[in-house]
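Visitor: I would like to learn how to read a structure like this. Please take me through it step by step.

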Amino acid sequence: MVATERFEQLIAFLSSHLPEPVEQQGDGTGGIVFTGGSPGEVIAYLTDSIVEIGEFGVRWENPGTPVVKARRVGVLNWRRLPETALMNAIASLIKGAREMRLARYRTCRYCGTANPPEWLQSDDVCLTCADTELGTVH
Ligand SMILES: [Zn+2]
């Protein structure tokens with residue numbers, strides 16, 4: 001009963017502390033995957049015993065097929081921690097994961113937009129500009 005309440009509390013906490021917008025998805029076994037940010041910045045995975053926080057990442061399986069890959073930064077056994085310590089730890093991990101993710105963004109030299117690594121053709125050219133600006137280069 002108490003554990004169920006804390007589980008609900010964790011859902012609410014993650015929903016309000018992850019970068020907006022937050023998407024929730026069940027994993028089919030009672031766990032919930034939260035993705036915060038668009039493009040994604042932080043991923044959280046909640047089960048009935050752990051909370052896992054990871055930096056959002058994408059790997060291209062083949063062109064056009066991005067696969068989300070979280071770089072895990074921390075796992076907490078939430079039943080073993082008192083509420084305040086737990087919430088503080090989760091908030092710190094979210095903050096850290098988000099900082100790492102944003103540090104990977106690079107500004108495109110053509111359009112001036114900051115892009116995550118998976119949207120970059122090279123260190124300073126985004127995929128869109130690589131098509132339009134560099135598409136004719138042989
Ligand atoms: Zn660009």
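Guide: Start with the secondary structure. In this predicted model, the chain has three helices and 11 strands.

Visitor: In what order do the elements of the chain run from the N terminus on?

Guide: Read them off one by one: α-β-β-β-β-β-β-β-α-β-β-β-β-α.

Visitor: What box do the C-alpha atoms of the chain fill?

Guide: Taken along the principal axes, the box is roughly 65 × 30 × 20 Å.

Visitor: How many of the residues count as buried?

Guide: The chain has 138 residues, and 22% of them are counted as buried. Contacts can be sorted by separation in sequence. Among those with a separation of 6 or more, 31% join residues 24 or more positions apart.

Visitor: Now the sheet. Which strands form it, and in what order?

Guide: To read a sheet, go from strand to neighbouring strand. Here five strands give the order E1-E2-E3-E4-E7, with antiparallel pairing, and the sheet is open. Its edge strands are E1 (22–26) and E7 (71–77), each of which pairs on one side only. On average, neighbouring strands of this sheet are turned by 15 degrees against each other, ignoring direction.

Visitor: How many bridges join E3 and E4?

Guide: Five bridges join E3, residues 42–46, to E4, residues 50–55, in the antiparallel sense.

Visitor: Which strands does helix H1 touch?

Guide: Helix H1, residues 2–17, packs on the sheet and touches E1, E2 (32–36), E3 and E4. The direction of H1 makes about 175 degrees with that of E3.

Visitor: And which strands does helix H2 lie across?

Guide: H2 covers residues 83–103 and lies across E3, E4 and E7. The helix runs at about 20 degrees to E4.

Visitor: Let me try a single residue. Where is Ala89 found?

Guide: Ala89 is in helix H2.

Visitor: How far apart are Ala89 and Asn115 in sequence and in space?

Guide: The two are 26 residues apart in sequence, and their C-alpha atoms are 28 Å apart in space.

Notes:
Residues numbered from 1 in each chain as written. Predicted model: local features only at pLDDT ≥ 70, side-chain atom pairs only at ≥ 80, totals over all residues. Helix = DSSP H or I, 4+ residues; strand = E, 2+ residues; numbered from the N terminus. Buried ≥ 20, exposed ≤ 12 C-beta atoms within 10 Å, placed from the backbone. Contact = placed C-beta atoms within 7 Å. Pairing = 2+ DSSP bridges. Axes fitted to C-alpha atoms, helices over the stretch in contact; angles between N-to-C directions.
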